[in-house]
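Work through the following exercises with the sequence and the model at hand, and compare each step with the solution given.

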Amino acid sequence: MRQARILAALYFILTIPPAISDMTDSIEMMWGNTQVLYDSAGHQTMSLTLDQWTTSAFRSKSQYLFGRFDIDIKLVPKESAGTVTTVYMVTEGPWQYHDEIDLEFLGNATGEPYTLHTNIYAKGKGGREKQYRLWFDPTEDFNTYSIIWNPHMILILVNGKPIRQMKNQMRDDTPFPLNQPMRMYASIWNAEDWATQGGRIKTDWSQAPFTAFFRNYTANACVPYNRAWICGQGSGDSSWFNQELDEEGQQKLKDVDGKNKIYDYCTDSRRFPDGYPPECASQ
């Protein structure tokens, strides 16, 4: 609690009315076949395409220190085995100390479900993988994927439903992303050696190009301002900064664990024969 009060003193919490903006106001294209498309109302959608010769990616123009991040994604349909569509946040300092929050959508053979693979790195330490089967077809329409990152926790949500939480347990010497800013990235790439059924099904390049679509990216977050950080810019709601899961949210998390989670490093006894990592006791 004392740590959270000290952190709060380092940030300015502003309430600024939200503004409608295009993806390209806050996103920059990086490489590959990344395109900006427009619907009939003039709203932007960005596409990322994978073929045999190139991947593609975009990233946020700003770095952030805490925030709520939402983006709508429509994944590669039909035969997507071997492909990985990602949304992730990562620091830009020394790699051995980097922080990272990963959402990786592992493609599959036609008719088989996607796997949502998540991982969290703190101070260069990862290995915190959890995997989920989504309760809908993520290729039929856009769905909203969210990350809430504040001094208390990291929370991953799908269409507003919490699916994964990592609490700040630094008092127990468990690393937690706390003082390094991160930038949001999205990419699509080939990972046929491991992505689909452990690498048993390879990418069928006769089905290329593989394209995923992104829209409605919002970052209600802390952004740099001189030597401080301004939090809540771009939205009148800064409740995410102190948000923690209430009883209803905890129940939803348990429901997803019971129905949709297919792998959890915290229950992998083969990987941890001498005992699970300490954070597993309260995740």
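A nonpolar core is a set of buried Ala, Val, Leu, Ile, Met, Phe, Trp, Tyr and Cys residues joined through side-chain atoms within 4.5 Å, where buried means under 20% relative accessible area, exposed over 50% and partly exposed in between, with a 1.4 Å probe and protein chains only. The model is predicted, so that local features need pLDDT of at least 70 and side-chain atom pairs count only at pLDDT 80 or more, while totals for chains, interfaces and linings use all residues. Residues are numbered from 1 along each chain as its sequence is written, and side-chain values use heavy atoms, with hydrogens and water left out.

**Exercise 1.** Determine which residues have the most contacts inside the largest nonpolar core.

Solution. The largest nonpolar core holds 57 residues, and those with the most contacts inside it are Phe58, Phe105, Trp149 and Phe214. Leaving out residues up to four places away in sequence, Phe214 touches, among others, Met23, Phe58 and Phe142, contact being heavy atoms within 4.5 Å.

**Exercise 2.** Describe the disulfide formed by Cys266 and Cys280.

Solution. The sulfur atoms of Cys266 and Cys280 are 2.0 Å apart, a disulfide being a pair of cysteine sulfur atoms within 2.5 Å. Both cysteines lie in the segment after β17, so the pair ties together parts that are 14 residues apart in sequence. The torsion about the S-S bond of Cys266 and Cys280 is about -80°, and the disulfide is therefore left-handed. Cys266 counts as buried at 9% relative accessibility, and Cys280 is buried at 18%.

Methods
Helix = DSSP H or I, 4+ residues; strand = E, 2+ residues; numbered from the N terminus.
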